[in-house]
Structures are given as C-alpha cells and as structure tokens.
Amino acid sequence: MQKAVIFSIGFAGRAIYRKAKNEYEIVGFIDNNKGIAGTKYENINIYHVNDIKNLEFDIILFGGIWYTQMKEQLLALGVDHKKILQVSEKDISYSTDMREKATDETLKKIDIFLNLKHIKYSISGSSLLNILRKKPLSCATDVDIRICDYNHLIYLKDELPKLFLTTNMNIKYFEEDSLVRKKGDLRQITLRDNSDESISFDFYSPGFYGDYAISCYFDKFFYSPKCILEEIIRYPYKDFYLSIPKKYDELLTNIYGKDYIIPPKTWSNDDYKNLITREELEKLVNGK
C-alpha cells in the first residue's frame with residue numbers, strides 16, 4: 001500500500017481522507033496553518049507544509065478550489081511532480097450522513113425563522129447550484145444565503161445567535177469596510193455537532209453599484225444585473241422548500257457558464273465567469 005500525505009486539514013483534506021484511507025496508508029497531513037502543526041486528526045500527525053521534506057511518502061493527495069496554488073506551492077518546495085496527485089472535484093464529497101442531516105435540520109429552522117419574520121432571502125452561489133443538481137447542500141463547505149435587504153442583515157446579526165442559543169455556535173463578522181459591506185456585518189455562522197465536522201452558513205446582502213448587484217470575493221467582485229435577483233420563488237429541496245431566484249438559469253449561466261448543471265472535473269476561483277477586479281468593475285459600471 002502506498003504511503004500518502006494529504007495537503008490540507010480543511011474540508012477538502014478531510015473529504016479526501018475519507019475517500020483515500022482505505023486505498024493508501026495515510027502517514028500525515030500538511031497544512032499552511034502553523035497553529036495546528038504538531039496536533040493530530042484521526043490519530044494522524046499534522047505537519048506544517050514546509051516540513052514536507054522531512055516526511056517519507058509515495059504520493060501527496062490534494063484538491064479543492066485552491067488546487068492550482070497548492071500544486072505551485074508543492075513544486076516550489078521541491079516535491080517531484082510525479083508524486084503530486086490532484087483528486088478530482090467530482091470525487092470529493094464534503095458530506096457525511098450526520099453532516100447532511102444536521103445541515104438540513106438547520107436549514108429548515110433558518111427558513112421558518114426568516115419567513116416568520118418576513119425576511120426575503122434566497123439560496124445562492126454553489127449552494128443554489130447543488131440544489132439544481134439534486135445534490136445535498138452538505139456536500140459543499142458551506143451554505144450561501146443571500147439576504148435581500150441589508151437592514152435585515154443588520155437585524156440578523158443580533159437575532160440569529162438567539163435562534164441557536166442551545167447550540168455550539170461560532171459567529172464571524174467582517175473585519176473591515178469594503179465597497180459593499182461594513183466592519184462588523186454578519187458574515188458566517190458555524191454550528192458544530194458531536195463529530196469533527198461543522199456546518200457553516202454564509203450570509204450576505206449584495207450592494208448595488210450602477211445597474212449591478214455586487215458582492216465581495218476576497219479582493220474581487222461578483223456582479224449580476226439587478227433584475228436577475230429581484231424575484232424569488234419557492235423551490236423543492238428534498239422534503240421541504242427553500243427560496244431561490246426566479247431567474248436562476250440566467251444567474252448561474254452568468255456565474256458558471258451555460259453548462260453549469262454538469263459538475264466539472266476541476267474548479268478554481270479562476271473559472272468564475274463574472275469575477276472582476278475593482279478597476280474592471282468601474283469600467284463596467286461607467287460603460288467604458
């Protein structure tokens with residue numbers, strides 16, 4: 001049995017571990033987070049990525065949205081390219097039975113609460129994509145929830161913690177102002193059960209810039225015509241309903257391309273069709 005190292009102890013790394021543990025002898029995880037070096041996951045040592053030269057292995061397994069950067073980093077550290085194996089995105093499942101059940105139960109709770117409070121929302125991004133692909137929402141690293149009215153996002157900052165008082169919950173806020181958000185805005189809630197997996201829900205409200213609705217993605221921006229996001233419909237997901245944009249086809253084509261329903265073999269942030277820089281956004285809005 002080949003000795004394998006897994007690059008990353010994040011969602012992708014743990015998903016790869018579940019797939020590979022019966023095919024390889026997993027001798028360690030490597031990660032860029034120095035704070036977790038020296039700890040263990042499933043009784044397997046976690047090392048800092050720079051320690052790769054001290055490990056004995058036949059192959060390094062990696063995958064996820066940052067695969068390009070990860071491969072470049074390994075090559076820069078002197079790892080033989082023949083020992084680097086990218087696991088296809090379609091072969092990575094971020095979900096477990098427990099995580100799927102917990103995600104669905106939490107979504108039901110959030111949906112009931114938002115509708116009770118007359119808060120207009122829609123499932124967005126890759127989560128919307130998974131609903132249309134008939135995949136469980138737990139198969140992605142998080143669930144994307146767009147809150148249509150920014151004032152409602154401010155309201156949820158205080159009210160969501162109350163909804164999960166009895167749950168082991170961590171809440172994150174944006175740490176600085178940007179074009180479409182303010183420091184202290186609600187960013188994400190993460191719920192942890194009794195397993196090693198957590199359930200994250202990303203909340204955001206798009207800003208409007210010219211004729212476009214925009215949202216931040218690191219130092220770039222997603223953009224969509226306002227009209228695409230205006231109408232919301234109820235759409236079946238398993239045994240209940242969630243809110244999604246009525247013009248979801250136009251929206252997802254704008255983000256992923258016309259073949260969005262077919263899962264790609266690989267996917268990175270470079271593949272988004274509507275992700276642009278601030279300079280490109282200014283030119284778009286000003287018609288230049």
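Author: A helix here is a DSSP run of H or I, at least four residues long, and helices are numbered from the N terminus. The model is predicted.

Reader: How do I read the faces of a helix? Which residues of α2 are buried?

Author: The general idea comes first. An α-helix has 3.6 residues a turn, so residues three or four places apart point the same way. Now the case. Helix α2 spans residues 67-76, and Y67, M70 and L74 are buried in it. Down the axis of α2, these buried residues fall within an arc of 60 degrees, so they line one face of the helix.

Reader: Which residues on the other side of α2 are exposed?

Author: E72 and A76 are exposed there.

Reader: What covers the buried residues of α2?

Author: The cover includes four strands: β1 (3-7), β2 (25-31), β5 (59-62) and β6 (84-86).

Reader: Next, helix pairs. At what angle do α3 and α5 pack?

Author: Two packed helices are described by the angle between their axes and the distance between the axes. For α3 (residues 97-116) and α5 (residues 150-163), the angle is about 130 degrees and the axes lie 12 Å apart. The two helices are therefore oblique to each other. The crossing of α3 past α5 is right-handed.

Reader: Which residues make the contact?

Author: From α3, K109, F113 and L114 take part; from α5, Y155, L156, E159 and L163 do. By class, five residues of this contact are nonpolar, two are charged and none is polar.

Definitions and conventions: Residues are numbered from 1 along each chain as its sequence is written. This is a predicted model: local features need pLDDT of at least 70, side-chain atom pairs count only at pLDDT 80 or more; totals for chains, interfaces and linings use all residues. Side-chain values use heavy atoms; hydrogens and water are left out. Axes are lines fitted to C-alpha atoms, for helices over the stretch in contact, and angles run from 0 to 180 degrees between N-to-C directions. Angles under 35 degrees count as roughly parallel, over 145 as roughly antiparallel, 65 to 115 as roughly perpendicular and the rest as oblique. A crossing is left-handed if the near helix is turned anticlockwise from the far one by less than a right angle, and right-handed if clockwise. Contact means heavy atoms within 4.5 Å. Ala, Val, Leu, Ile, Met, Phe, Trp, Tyr, Cys and Pro count as nonpolar, Asp, Glu, Lys and Arg as charged, and the others, Gly among them, as polar. Buried means under 20% relative accessible area, exposed over 50%, partly exposed in between (1.4 Å probe, protein chains only). The arc is that of the directions from the helix axis to the C-beta atoms.
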